[in-house]
Amino acid sequence: MTDRINKLQAKLHENEGALITDAADRLYLTGFPSSAGIVFVTAKSALFIIDFRYFEKAKREVSGAEVVLLEDVKTQLCNVISAEKITEIFVRTECMSMSEFRLYNKMLDGILSESRVLDSIMTELRSIKTCDEIENIRCAQAFTEQTFDYILGRIESGRTEREIMLDMEFFMRRLGSDGVAFDFIVVSGKNSSLPHGVPTDKRVCAGDFVTMDFGAVYNGYRSDMTRTVAVGQISERQRAVYETVLNAQSMALEAIEPGRICRDIDAVARNYINDRGYGGCFGHGLGHSVGVEIHENPSFNTRCDTVLLPGMVMTVEPGIYLQNEFGVRIEDMVVVTE
């Protein structure tokens with residue numbers, strides 16, 4: 001992960017530092033998953049301060065930063081600050097709590113900055129995936145697709161949403177997934193009108209739509225896919241909604257290319273859905289970036305003015321949700337290329 005730390009260092013001036021305590025940023029910079037730890041980066045050096053639980057493994061696996069056993073964090077940080085004459089330290093204001101900020105600011109004699117400099121830097125770095133990152137996401141997605149193929153033969157009337165969800169999760173873990181990318185959504189019938197519904201003990205019935213939103217993890221990177229399938233025969237109304245969502249997704253996929261504005265891609269799908277008479281039934285953004293977190297920047301929504309660049313990995317997930325009837329969502333991930 002040396003190149004990622006080097007990219008961060010290149011954004012810092014001689015007397016500046018970056019203090020990173022957020023788990024996702026630590027993983028991104030070091031490639032090492034942990035529930036605790038501090039990454040401290042300056043223009044000249046990089047420390048990964050980690051406690052005894054992780055120290056031995058981190059020493060073996062982390063490159064690009066000096067791995068240091070956590071002892072007296074104030075002294076360990078102040079030694080670098082003093083040696084390199086650091087006068088300002090940036091933090092991830094989006095991720096750090098007020099209490100944590102106050103703790104470190106007091107510890108380091110008030111030199112923490114409240115600016116969003118590090119937020120902007122890390123968002124920019126993490127939004128453009130390297131070839132290695134994209135390959136990790138592809139591997140996670142391969143587990144996801146195999147899980148979908150598996151569960152198709154096991155969805156039937158009488159099984160509960162929760163049973164289907166657990167079946168999917170256990171199978172995915174057996175494939176080799178590091179875990180699940182997020183809590184799976186498996187909803188059926190009227191429950192499928194809930195975009196983020198939670199699997200229940202409701203039994204699947206003939207004529208139901210079953211919507212499944214799920215993803216795997218590989219080397220810390222996540223995948224995200226949604227499929228809506230039918231159990232038995234469906235009505236013409238259900239078919240019309242499904243085809244509208246599928247067409248909206250296809251149109252958005254065709255529109256994605258470098259230089260396009262994120263909100264304009266959202267508008268392609270949203271306008272089509274609205275024009276088909278489903279205004280107000282697509283109440284979330286069209287998609288989001290995915291990486292070491294399931295929701296990263298940028299996003300396809302009505303507000304995001306980020307310009308698409310090669311290397312961005314995005315989901316495209318239009319949906320239509322008819323209250324107390326049913327819902328349909330179809331989601332795939334794409335990588336923006338030249």
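Begin by selecting P298, which is placed in strand 12 (residues 296-300); strands here are DSSP runs (E) of at least two residues and helices are runs (H or I) of at least four, numbered from the N terminus. The peptide bond joining N297 and P298 is cis, with omega about 5 degrees.

Residues are numbered from 1 along each chain as its sequence is written. The model is predicted, so local features need pLDDT of at least 70 and side-chain atom pairs count only at pLDDT 80 or more, while totals for chains, interfaces and linings use all residues.

Next, select helix 1 (residues 2-10) together with helix 6 (residues 117-127): their axes come within 11 Å and cross at roughly 140 degrees. Axes are lines fitted to C-alpha atoms, for helices over the stretch in contact, and angles run from 0 to 180 degrees between N-to-C directions. The two helices are therefore oblique to each other, a term for angles that are not under 35 degrees (roughly parallel), over 145 (roughly antiparallel) or 65 to 115 (roughly perpendicular).

Display the side chains of R4, K7 and L8 in helix 1 and of L118, I121, M122 and L125 in helix 6, the residues that make the contact (heavy atoms within 4.5 Å).

Move on to N219, in the loop between strand 8 (217-218) and strand 9 (221-222). Although N219 is not a glycine, its phi is positive, about 50 degrees. N219 is partly exposed, at 47% relative accessible area; buried means under 20%, exposed over 50% and partly exposed in between (1.4 Å probe, protein chains only).

Finally, select N324, in the loop between strand 14 (319-322) and strand 15 (326-329). N324, also not a glycine, has a positive phi of about 65 degrees, and N324 is exposed, with a relative accessible area of 54%.

Technical notes: Heavy atoms only, no water.
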